Amino acid sequence: MVTALLLLLAWGMLAYRQASLLSATLITAIILAIGSGLGQVAPAVWLIFAVMAVVVNVSSLRQGLLSRPLFKRYRELMPEMSDTEKDAIEAGTTWWEAELFRGRPDWQTLHNYPRPRLSEEEQAFLDGPVEQVCRMTNDWEVTHERADLSPEVWAYLKEHRFFAMIIKKEYGGLAFSAYAQSRVLQKLSSVSAVLASTVGVPNSLGPGELLQHYGTRAQKDHYLPRLARGEEIPCFALTSPEAGSDAGAIPDVGVVCMGEWQGEQVLGMRLTWNKRYITLAPVATVLGLAFKLKDPDGLLGEQEDIGITCALIPTRTPGVEIGRRHFPLNVPFQNGPTRGHEVFVPIDAIIGGKEMAGQGWRMLVECLSVGRGITLPSNGTGGAKAVALASGAYSRIRRQFKLPIGQMEGIEEPLARLGGNAYLMDAASMLTVTGIDLGEKPSVISAIVKYHLTDRGQRSLIDAMDIHGGKGICMGPNNYLARGYQGAPIAVTVEGANILTRSMIIYGQGAIRCHPYVLAEMRSLQEPDPQQALARFDQALFGHLGFAMGNLVRSVWLGLTNGRFSPAPIKDSTARYYRQMNRFSANLGLLSDIAMASLGGDLKRKERLSARLGDILSQLYLVSATLKRFNDEGRPAEVLPLVHWACQDGLYRTQTALDELLNNFPARNLARMLKPLLLPYGKPLRRPSDRLDHQVAQLLQSPNPARSSLATDLYLTAEPGNPLGMLEQALRELIDAEPLFNKVVHALGRRPFTMLDKVAEDGLAAGLLAQDEARQLAQAEISRLRTINVDDFDPLELVANKALFDDSLLNKAA
């Protein structure tokens, strides 16, 4: 009995620590030797142990007796994968998300990643040109009157190289860090979504980035300086009417052939395409184009279907159709279709030259993993921070039932979501660009932040609209919410629709790329040498088995202890969050292996199952980013309510995803067995409490360090044309006026917090206020009214076609 207990404890500890086979064999032998000394181990046990030890530790025996039949079965079970799926899985790199997947996150590794910082040049750009272009941009003029940025703003963007943040200095670009790009876009998005999108796209997926990574020397020397100076406006055409989220199914084609170019017969391509949703297409001078290249006459080689290829085409090329616009949800950034029918271009129009023919999909997914981690998450974060500040200020200024609406519990609930989400989103954006600046191309992380930050951004706008009520729905120059609210679905839709991203991409890539052994097992199938293939599979398989056993033991132990006793890098109130993530990380690794083993190729089609596994990974990433930010900033006590809210919300969502996964797992008997092991006490985690909601809501309603942390890199200058800045000024003025108001009404009798100018007159007459105090109260009334009032218009101003309006009047008169 003693020997058996020792073996169970030892095997449990070995599995928990994911010890090697050799270590497990030696420790088992030692315990058996102790048991023999106690007279508890029969010779037959030693014989069985010796046979098993030799088989599992001698690689040739293990491969022949165990791995070979399993390898054959594995080959039969593996589903077929398209070339685009293979490229997507192989593209990019893994980073912190892989650490979360393995069941034992190294929190010190997370804390040791450098805190992102701006260089002096980047900070000067943010304080100078970015501030100035924000001052020049009036969003009402952009969205309602012009349906475009003004010519002065376009010229300023080109002159100050806003479109060249990613281009290297040797070509005249700014060569900014990903962190700097993110902060620039956040500031622009606090002013105008049109402005932020116009700047973001050329610095994201587009010709500039593709040229720098894959272009020929001649292409780089010609285009990059012109792009940097703003002489060329780029766009990239990928999406077709028949191929949206499934970009690999694009029907656009190019046929290799001889043709005339600038008076000479040259080798080239005849291209036919029909693209839509292409940002900057209506104003672009150079068109990046993705298409499927065919070579029926073998002019490039023996392969007829070469595959997806990317080319760069001047839009003045005969046959290029460009210029018409889409009208996306009243957020009129330049976006439209482009078409061409049998447009001939030379073969050196292929980005990277003819050697890169057929490599377009890999090029795109590699670059997309970077751009998708910066532009949309940054825009969403900037918008969420802006509406959190605006809603807090408005809730303090706007009064109903004789008190600020922010003191009502019904308002505190959405206010808390706004504050917590803004802090979490900024943290996730920071961590993501940190990885990019370290040289990573995090395809899984970029999918996580694209989905979750655009989703939380949209929900933040809904909360802000609910708080503002009529102020939010009446559009005009002083409305700082409506365009963002209208345009939120755009971010949710583009660069991979969120439904697709959640249900297929995050876990579809994450399970393979982040798992320490699955990709190696898959690659063994592609090994042409049978012996080498078996050897690679054997090594990955037995590592995989140890990984699975370790996560099983860790999941059971951490479930029983609710994560206690597991390591946390900090011994304060945030330690529990690290420990809960240890537990959920082990759960994720275990459930991934169980899902893959029990469902095989069917897992690919179980999209809701995949989505919930992806939710677990995503929430772990968002919570760890929150804790990383808090640690980077010196763990200030003032922001703890924001940290607690973000972590509790994220971990509650993780628990919900885990519970729903087990409730809907197809193998019901297996799920019934797993649930008491992984959730032995049910669902102990709770969403943020009413008390915590109250604390966060109060932080948003007055100046304090926590609120200032959300205001970083937003355009808050108080000046006409910037309603957000004017609202911030009004908040300060109203808070400063409250003691003066209280002094007067205490002496002269209670009255509602209105007509502060009249209160000032009465206080001055009664000798209760000095002249400067009376002026302060009167100015506060001006700001108060400006905050709560909404825009109104002459009816004719709201009619787009004035001629029709006039005709209707004439018809009525007749």
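Among contacts in the protein chain between residues at least 6 apart in sequence, what percentage join residues at least 24 apart? In this predicted model, the figure is 75%, where contact means heavy atoms within 4.5 Å. The model is a prediction in which local features need pLDDT of at least 70 and side-chain atom pairs count only at pLDDT 80 or more, whereas totals for chains, interfaces and linings use all residues. Residues are numbered from 1 along each chain as its sequence is written, and side-chain values use heavy atoms, with hydrogens and water left out.

The C-alpha trace of the protein chain spans about 105 × 85 × 55 Å along its principal axes, and 55% of the 814 residues count as buried (under 20% relative accessible area, with a 1.4 Å probe and protein chains only).

Helix H8 (residues 120-136) and helix H10 (residues 151-159) pack at an angle of about 170 degrees, their axes lying 10 Å apart, and H8 is therefore roughly antiparallel to H10 (an angle over 145 degrees, taken between N-to-C directions on a scale from 0 to 180, with axes fitted to C-alpha atoms over the stretch in contact; helices are DSSP runs of H or I with at least four residues, numbered from the N terminus). In this pairing, Pro-129, Gln-132, Val-133 and Met-136 of H8 meet Glu-152, Val-153, Tyr-156 and Leu-157 of H10.

The structure holds 0 disulfides, a disulfide being a pair of cysteine sulfur atoms within 2.5 Å. The sulfur of Cys-235 has its closest cysteine sulfur in Cys-310, at 13 Å, which is too far for a bond. Cys-235 is buried, with a relative accessible area of 1%, and Cys-310 also counts as buried at 1% relative accessibility.

Terms used:
Buried < 20%, exposed > 50% of the residue type's maximum accessible area, 1.4 Å probe, protein only. Helix = DSSP H or I, 4+ residues; strand = E, 2+ residues; numbered from the N terminus. Parallel < 35°, antiparallel > 145°, perpendicular 65-115°, else oblique.
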